[in-house]
Amino acid sequence: MQSWPSTQVPRVPGTPRPLRLYDTAAGEIRPTAPGPTATMYVCGITPYDATHLGHAATYLAFDLVHRQWLDNGHEVHYVQNVTDVDDPLLERAERDKDDWVVLAMRETALFREDMTALRVLPPKDYIGAVESIPEIVETVGKLLAAGVAYRVDDAEYPDIYYSHLASGRFGTVSNYSPEQMATYFAERGGDPDRPGKRHPLDALLWRAARPGEPSWESELGPGRPGWHVECSVIALNRLGMGFDVQGGGSDLIFPHHEFSAAHAEALTGEHPFARHYSHAGMIGLHGEKMSKSRGNLVFVSRLRADQVDPMAIRLGLLSGHYRADRPWTDEVLSTAQDRLARWRAAVSLAAAPPAGDLVDRLRTHLANDLDTPAALAAVDAWADEALSTGGADENSGALVRTAVDALLGVLL
């Protein structure tokens with residue numbers, strides 16, 4: 001699957017800071033510590049609707065991870081999937097009398113446009129579930145052969161499930177209680193009441209073909225893949241075990257990231273699947289999480305159509321800490337627009353205050369678990385000084401423009 005165009009990331013003078021990031025599994029902020037090539041997998045969209053600000057906030061967070069690694073001199077191997085066949089997509093296509101393939105292609109194209117406008121650096125590998133089916137079939141076959149997966153006793157629909165305790169490490173990503181797991185599994189795409197399962201928490205690997213649903217012929221029988229195994233296979237086959245960061249929204253902690261890890265660890269006998277699990281908070285509107293089921297979405301494409309500068313959208317989303325659940329309001333947007341105008345005015349001055357200390361503070365704040373509120377405040381202070389009292393450094397504006405571009409992804 002084709003990714004979106006990249007943008008040139010300038011080099012910033014001075015001394016980079018190694019990135020420290022909160023690890024959900026460990027419950028603490030700790031160094032990411034990649035090798036020469038940093039590796040990251042971020043779970044992508046299910047393309048049945050346009051990119052909303054909750055999506056955008058997640059991909060901006062991991063764009064900052066990408067940029068901090070680049071600043072530290074690493075190459076970055078970034079992988080992202082597209083769940084281009086799954087129940088929500090098929091349900092939306094049926095509701096709207098649309099072709100599910102056309103719907104997925106249309107919304108994926110719009111997502112690429114939104115990511116390009118927001119200056120999110122693209123993944124090296126951008127992989128759809130459909131194109132990964134041969135890999136998934138092979139992996140499910142191996143899990144069956146290893147005895148960690150099983151078919152339900154259903155002559156009509158012999159679905160294949162993963163025995164959730166097979167890896168011996170289930171629960172170490174989320175650290176959730178059994179009661180929390182049961183609740184989230186039922187709420188987030190699980191099927192605890194499926195007859196024939198050995199345990200309510202066992203996760204679907206291969207869904208046998210049903211009338212009216214897309215399916216693919218395979219040695220497993222005709223069908224289509226489950227959700228969690230898709231990401232497990234795509235990440236494992238491109239990054240291998242022990243890649244640096246597994247990322248996504250906080251609603252993916254369980255069951256999605258827990259099962260993706262469990263599948264890979266049961267298959268390979270190795271752990272961890274990822275060395276760091278990082279999760280972005282939810283964006284809310286009118287006091288509720290922004291979600292398709294609630295119908296309270298603010299779309300990036302709609303804001304762009306209303307002539308909102310994508311850099312203001314980016315600044316608005318970066319104004320809160322990436323791990324925090326936070327609201328999107330008219331005030332958030334207007335504050336971001338004002339901030340963008342002030343920054344652009346300041347870097348356009350013929351001379352301004354020295355900016356070396358600002359660049360150091362930017363790096364320090366972002367290296368500390370992507371502390372964007374502090375980073376933005378530091379640029380605010382420099383811009384306010386530049387606009388109120390001026391300065392004598394003719395190169396300062398260019399340095400700030402470069403640093404804000406490279407480290408925050410904001411084009412001034």
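This is a predicted model: local features need pLDDT of at least 70, side-chain atom pairs count only at pLDDT 80 or more; totals for chains, interfaces and linings use all residues.
Residues are numbered from 1 along each chain as its sequence is written, and side-chain values use heavy atoms, with hydrogens and water left out. Local features need pLDDT of at least 70 and side-chain atom pairs count only at pLDDT 80 or more, whereas totals for chains, interfaces and linings use all residues.

R194 has a relative accessible area of 15% and is therefore classed as buried (under 20% relative accessible area, with exposed over 50% and partly exposed in between; 1.4 Å probe, protein chains only). With residues up to four places away in sequence not counted, R194 touches V152, D154, Y157, D159, Y161 and R210, contact meaning heavy atoms within 4.5 Å.

Helix α13 (residues 396-408) has 13 residues and spans 17 Å from its first C-alpha to its last, close to the expected 18 Å, the expectation being 1.5 Å times one less than the number of residues. Its buried residues, among them V400, V404 and L408, pack against α1 (53-71), α9 (310-318), α10 (330-347), α11 (356-367) and α12 (372-389). G409, which follows α13, has a positive phi near 75°.

L408 is also one of the residues, with L53, L317, W343 and W382, that touch the most other members of the largest nonpolar core, a set of 72 residues; such a core consists of buried Ala, Val, Leu, Ile, Met, Phe, Trp, Tyr and Cys residues joined through side-chain atoms within 4.5 Å. The largest share of this core, 10 residues, comes from α1. A second, separate core of 25 residues includes A149, L205, V229 and F254.

Methods
Helices (H or I, at least four residues) and strands (E, at least two) are DSSP runs, numbered from the N terminus.
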